Amino acid sequence: MSNDEICDALELSGKLMELHGENPFKIRAYSNTAYKLSKLRYDFNGKTLKDIESIEGIGKGISGKIFELMQTGITAELKELLDKTPPGVVQMMSVKGLGPKKVGQLWRELQVESVGELLYACNENRLVTLKGFGAKTQEAVKQSIEFKIAHSQKHHYATIDVLVKKLVEYISEQQPDLTIMPVGQLRRKNEVIDKIEILMDGEKTIDTKEFESIIPLPVNYIQCEPSEFYYHLFELTATPEHLVQAGFENITEKDFTDEEEIYDQLQLQYIEPELREGLNEVDLATENKIPTLVEYEDLKGILHNHSLYSDGVHSLKEMADYCKELGFEYFGICDHSKTAVYAQGLPIETVLRQQQEIDKLNADYKDFKILKGIESDILGDGSLDYPEEILKTFDFIVGSIHSGFKMTEEQATQRLIKAIENPYTSILGHPTGRLLLARPGYPINHKKVIDACAANKVHVELNAHPYRLDIDWRWINYCIEKNVMISINPDAHHKEGFHDMYYGVCAARKGMLPKEMCLNALPLDELLKAFKK
Ligand SMILES: [Zn+2]
Ligand SMILES: [Zn+2]
């Protein structure tokens with residue numbers, strides 16, 4: 001072990017001890033020793049225990065640890081500390097601005113176990129509820145994680161989408177004669193992006209370096225003949241599987257005026273870019289069976305949102321007013337239920353107070369309605385929060401798992417099914433609890449869960465937050481087959497969160513969702529009927 005490695009191991013031991021609330025004197029001894037060793041100019045290799053003990057200011061106990069490190073690469077003590085700390089929690093200690101004490105707080109009080117979860121907790125405004133944390137700390141933590149993510153290779157679609165749209169807009173403004181479009185993953189609106197490709201029918205003559213420096217991935221520009229633009233657009237958008245299935249190699253002429261013309265020539269129904277993955281879309285297109293996909297404009301309302309009553313940033317009225325302003329017919333409020341203490345879940349008195357406020361607000365609205373909902377925690381045994389007399393006061397209930405993620409597939413599936421069978425559950429919220437690029441989610445048997453939704457007239461959420469997009473779009477087909485409707489929900493914790501609906505629509509389209517099977521594309525009266533069992 002090099003001196004640096006020894007110092008790191010000592011420092012990590014000290015931090016983990018602090019995280020687990022051990023004796024402060026012992027902790028200080030570790031950090032002091034690590035500091036001292038880092039200043040020494042000679043190599044430890046070949047030193048005996050006696051040599052180490054003789055270094056000024058290093059105690060006997062720690063000398064033993066250093067010697068153990070030199071012998072085995074790790075101390076029994078450090079191993080034990082690591083064993084009782086989730087690896088994601090250890091990583092959290094490297095986030096700038098977070099010491100071991102704060103990480104321990106986040107872990108124990110918010111059940112945050114990875115850097116990805118921590119970022120999500122910042123977005124949900126959770127950190128401010130902890131003692132010693134404030135809005136400033138939360139913002140600093142968020143920025144520090146975002147900086148780290150910005151320097152990794154895979155990114156959420158939303159992050160890249162926004163930046164590339166700006167880049168393309170900028171180029172188009174400077175060179176209006178150029179036809180320019182993103183292709184590949186980006187045009188297929190994949191939930192995670194690791195490659196940016198842009199097709200142009202001419203040469204880019206302006207400098208875009210400044211733009212590209214803020215995009216966390218290299219931008220690959222591909223140039224083609226103007227007459228062949230649509231041919232290459234088609235070629236570069238689809239996966240190789242889609243191209244083979246569609247019979248791309250049979251195309252000889254490269255002159256097309258749009259992509260519809262290409263599918264015509266292939267004797268296929270037109271296939272939207274989002275669908276060109278090479279799954280079953282070509283087979284369906286052969287039989288003209290691809291439905292018209294849901295569009296943002298089809299949505300009639302926004303369900304599953306939070307307000308200041310629980311962990312949201314804006315008041316109920318501010319959220320509802322903004323929803324109305326965006327042209328929607330209804331707004332569903334689903335603050336957290338009482339078990340979600342970390343998110344200021346609503347005790348019964350608060351539920352009733354909120355419902356009174358809703359009645360008052362609704363009396364003043366015209367052609368717009370706030371629906372009384374709740375995001376009820378699904379408890380460990382699959383039951384919902386609140387007694388029956390409270391459950392029946394809601395227009396609808398979203399049931400979600402927020403804690404106790406360590407489950408086998410069997411356990412998680414049973415827990416969800418129990419909740420689905422509850423007569424008051426209307427929508428199953430973020431079914432797997434996954435966070436893209438951060439946390440895989442608990443394993444579930446999708447078929448069993450969706451079958452249970454079908455049997456109990458429960459709708460499935462497609463959580464539209466770009467970090468979640470949960471249920472995965474690959475399961476939407478099966479939902480449709482079982483006649484289970486999909487609810488595209490932003491899970492908005494602030495007004496701007498409504499705009500995530502766009503990303504939900506992207507994922508829904510990848511799953512081939514028609515508007516007829518989208519719950520919140522229903523007008524209000526039909527929606528209320530769908531909630532009645
Ligand atoms: Zn939730
Ligand atoms: Zn929520």
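1. A quick definition before the pockets: a pocket here is an open set of grid points with protein on both sides within 12 Å along at least five of seven lines, and its lining residues have an atom within 4 Å of a point. Keep in mind that this is a predicted model.

2. Of the elements, α9 supplies the largest share, 7 residues.

3. On to the second largest pocket, with a volume of about 650 Å³. Here 30 residues form the lining, with Q111, E117, H402, F405 and R439 closest to the centre. This time α8 gives the most, with 3 residues. By class, you get 11 nonpolar, 10 polar and 9 charged residues in the lining of the second largest pocket.

4. One residue to look at while you have the model open is S114, in the loop between α7 (100-110) and α8. Is S114 buried or exposed? S114 counts as buried because its relative accessibility is 12%, and the cut-off for buried is under 20%. Apart from neighbours within four places in sequence, S114 is in contact with G88, M92 and A438.

Technical notes:
Residues are numbered from 1 along each chain as its sequence is written. Chains are lettered from A and ligands numbered from 1 in the order in which they are written. This is a predicted model: local features need pLDDT of at least 70, side-chain atom pairs count only at pLDDT 80 or more; totals for chains, interfaces and linings use all residues. Side-chain values use heavy atoms; hydrogens and water are left out. Helices (H or I, at least four residues) and strands (E, at least two) are DSSP runs, numbered from the N terminus. On a 1 Å grid over the protein atoms alone, a cavity is a set of points where a 1.4 Å probe fits but cannot get out, and a pocket is an open set with protein on both sides within 12 Å along at least five of seven lines; lining residues have an atom within 4 Å of a point. Grid points are joined across faces, edges and corners, and a volume is the space filled by probe spheres set on the points. Ala, Val, Leu, Ile, Met, Phe, Trp, Tyr, Cys and Pro count as nonpolar, Asp, Glu, Lys and Arg as charged, and the others, Gly among them, as polar. Buried means under 20% relative accessible area, exposed over 50%, partly exposed in between (1.4 Å probe, protein chains only). Contact means heavy atoms within 4.5 Å.
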